[in-house]
Amino acid sequence: VQHIDSPMAEIVSGVGTTLIANLATKSFQEVALACGLKNDVEKLQSSLRIIHAYLLDAENKQAKNKSVAEWLKQLGEALDDAGDTLDEIEYETKRNEVIKMYGSIGTKVHRFFSYKSNPLVFRIRMAHRISDMKLMIDEKANEGRTLGIVE
């Protein structure tokens, strides 16, 4: 990965690199596997690598093209949202593990019948959110191509 000097491009690159690294950790891979999200996470990783490849060109073009600067800003916000979702997945999975190990029967039954806490509902919700993240990142890549940004 080449160094990017622009503050916005550097921030976006840093966030993207962090997301890719977090998705690749053994603990997150285990979470994804346990939640049935392994394929979704792999697709998201691929999309993040593609968008990362556009950043150097975007950095070079943003000074001359305000649309590219705005694109970088929006991309950064999208990646921040993606990071928040991944944090939520990891937190909720670890929380469920603790409750599974140490929670009372009443707590377990309540969580199972709760829409917000049910493990199956959680997996479905997170699969949709990861899919939405991937679509949004792919959309940003397409917008970048439209702006003339290349890998």
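1. Buried means under 20% relative accessible area, exposed over 50%, and partly exposed in between, with a 1.4 Å probe and protein chains only. By that rule Lys134 is partly exposed, with a relative accessible area of 23%. Asp138 is also partly exposed, at 23% relative accessibility.

2. This is a predicted model: local features need pLDDT of at least 70, side-chain atom pairs count only at pLDDT 80 or more, and totals for chains, interfaces and linings use all residues. Residues are numbered from 1 along each chain as its sequence is written, and side-chain values use heavy atoms, with hydrogens and water left out.

3. The structure holds 5 salt bridges (a side-chain nitrogen of Lys or Arg within 4 Å of a carboxyl oxygen of Asp or Glu). One of them joins Glu88 to Arg129, with the closest N and O atoms 2.7 Å apart. Glu88 lies in helix H4 and Arg129 in helix H6 (residues 119-146), so the pair ties together parts that are 41 residues apart in sequence. Helices here are DSSP runs (H or I, at least four residues), numbered from the N terminus. Glu88 is partly exposed at 28%, and Arg129 is partly exposed at 30%.

4. Helix H6 also holds pairs of its own. Lys134 and Asp138 form a salt bridge, the closest N and O atoms being 2.4 Å apart. They sit 4 residues apart in H6, about one helical turn. Lys140 bridges to Glu143, with 2.9 Å between the closest N and O atoms. That pair is 3 residues apart in H6, again about one helical turn. Lys140 is buried, at 8% relative accessibility, whereas Glu143 is partly exposed, at 28%. An α-helix has 3.6 residues a turn, so residues three or four places apart point the same way.

5. Glu70, Glu77, Asp80, Asp81, Asp84 and Asp87 gather in a surface patch of negative charge. Patch members have over 30% relative accessible area and no salt bridge, and like charges are joined within 9 Å. Asp80 is found in helix H4 (residues 66-102). Asp80 is partly exposed, at 41% relative accessibility.

6. Which residues of helix H2 (residues 26-34) are buried? They are Phe28, Val31 and Ala32. Seen down the axis of H2, these fall within an arc of 95 degrees, so they line one face of the helix. The arc is that of the directions from the helix axis to the C-beta atoms. The face turned away from the buried side carries the exposed residues Lys26 and Leu33. Gly36 follows H2, with a positive phi near 75 degrees.

Key
Patch = residues over 30% accessible without salt bridge, like charges linked within 9 Å, V, L, I, M, F, W, Y side chains within 5 Å. Areas by Shrake-Rupley, 256 points an atom, 1.4 Å probe, with all protein chains shown as cover. Lys, Arg positive; Asp, Glu negative; His and termini not counted. Charge placed at Lys NZ, Arg CZ, Asp CG, Glu CD. Helix = DSSP H or I, 4+ residues; strand = E, 2+ residues; numbered from the N terminus.
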